[in-house]
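Please open the model in a viewer and follow the selections below in order. Each stop names what to select and then describes what is found there.

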Amino acid sequence: MRRWLGEVPKMMAARGEKIWMDGHLVDFDQARVHVLGHTLHYGVGVFEGIRAYPTDAGTAVFRLAEHVRRLLTSARVYRLPVPFDAPAIERAIVETVAANRIVPAYIRPLVYRGEPALGVKNSTGKVSLAIASIPAKKYLGDGSESGVRAKISPFRKPHSDTIPSFAKACGNYLSSYLAGLDAQHDGYDEAILLDAHGYVAEGTGENLFLVRDGKLYTPGLESDILLGITRETVMTIAEDLGYPVVSKLISVNELLTADEAFFTGTYAELAPLREVGQHAIGTAVPGPVTRKVMAVFAQAVHGEEPRYARWLTPVPGTKAAAAPTPRAARR
Ligand code: PMP
């Protein structure tokens with residue numbers, strides 16, 4: 001057996017005080033589901049990853065409305081009738097962040113069928129929503145700043161004819177999991193998955209951009225990616241900075257010969273790519289365009305850039321808790 005199949009990946013510390021379940025905040029250790037729940041067996045569930053950041057005005061959730069909209073779109077793809085509408089889910093997320101008093105926070109809403117209901121075609125069981133808010137870490141560790149080493153994965157993205165990539169569904173992550181473990185085993189920080197036709201798609205939980213001659217390029221939906229909210233955020237910031245952005249098919253050679261490249265994602269934020277396989281990207285240090293976009297992104301999420309204030313939803317009652325992180329420490 002290949003060794004990576006047996007290895008345990010690094011885990012994030014999933015600890016908060018309360019988890020919101022179908023309208024109630026329950027103690028972290030009581031947030032349980034039945035072992036015969038449909039989602040556990042067949043992967044038919046959908047979820048989101050959202051971040052809350054400290055700002056001078058208190059804790060703020062970044063791009064809350066867009067994440068909730070994507071959650072509900074994903075749920076529609078899998079015929080999961082969510083028993084809460086968008087405003088109610090937004091309120092519940094804000095309530096969960098406030099209750100846990102953790103900042104920066106990683107917020108995980110999950111739509112699932114958790115009652116005993118075996119049978120893959122069983123679509124009648126109760127649909128539930130749970131929301132956790134746990135400490136956010138740097139997903140790609142030190143590489144988030146100095147540059148990530150990634151490997152082109154032998155595992156590819158499933159074609160959207162098989163599993164629609166724009167729905168953020170639990171089962172989608174089987175290929176990410178295999179790709180991530182394989183990259184980790186080979187000593188890389190992250191995997192880059194190709195689409196079914198061999199074009200560059202995305203990381204295990206990140207979208208990917210490259211920079212060439214002052215223009216940004218990123219794979220589009222035709223490469224079976226998740227349409228990332230950070231991807232869209234970066235497209236807006238880059239265009240506002242005067243860098244044109246093109247979404248298109250990207251070959252492996254285009255990536256390897258790029259001036260710069262970086263990952264984007266809620267958990268990874270912006271992480272420069274230093275090497276892909278044995279190839280240095282550009283000069284193997286975070287390039288000037290990447291650094292500029294990263295700097296504006298950091299200002300936007302921390303409420304320091306008024307033109308992007310619309311992306312932040314304040315969490316009432318958190319002003320004192322959110323203040324201290326010095327700028328130098330959080331970048
Ligand atoms: N691709 C995949 C497969 C992901 O899981 C994620 C994380 N949600 C992303 C891209 C980035 O999406 P976002 O910027 O919305 O977090």
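**Domains**

Begin by colouring the chain of this predicted model according to its domain assignment, which gives domain 1 as residues 17-135 and domain 2 as residues 143-301. The C-alpha centres of domain 1 and domain 2 are 26 Å apart. To the contact between them, domain 1 contributes 23 residues and domain 2 contributes 21 residues. About 1,900 Å² is buried between domain 1 and domain 2, with 64% of this area on carbon and sulfur atoms.

**A helix pair**

Next, select helix H2 (residues 64-77) together with helix H3 (residues 86-100). Two packed helices are described by the angle between their axes and the distance between the axes. Here the axes of H2 and H3 come within 10 Å and cross at roughly 125°; H2 and H3 are therefore oblique to each other. The crossing of H2 past H3 is right-handed. Display the side chains at this contact: Leu64, Ala65, Val68, Leu71 and Leu72 on H2, and Ala86, Ile89, Glu90, Ile93 and Val94 on H3. Sorted by class, the residues of this H2-H3 contact are nine nonpolar, no polar and one charged.

**Two backbone details**

Most residues other than glycine have a negative phi, and most peptide bonds are trans. Two places can be inspected with this in mind.

- Select Val103 and Pro104, which are joined by a cis peptide bond with omega of about -5°. Pro104 lies in the loop between H3 and strand S6 (105-112).
- Then move to Asp224, in the loop between strand S12 (215-218) and helix H6 (229-240). Although Asp224 is not a glycine, its phi is positive, at about 60°.

Terms used: Residues numbered from 1 in each chain as written. Predicted model: local features only at pLDDT ≥ 70, side-chain atom pairs only at ≥ 80, totals over all residues. Heavy atoms only, no water. Axes fitted to C-alpha atoms, helices over the stretch in contact; angles between N-to-C directions. Helix = DSSP H or I, 4+ residues; strand = E, 2+ residues; numbered from the N terminus. Parallel < 35°, antiparallel > 145°, perpendicular 65-115°, else oblique. Left-handed = near helix turned anticlockwise from the far one by under 90°. Contact = heavy atoms within 4.5 Å. Nonpolar A, V, L, I, M, F, W, Y, C, P; charged D, E, K, R; others polar. Domains from an automatic or database assignment. Buried area = accessible area lost by both parts, 1.4 Å probe.
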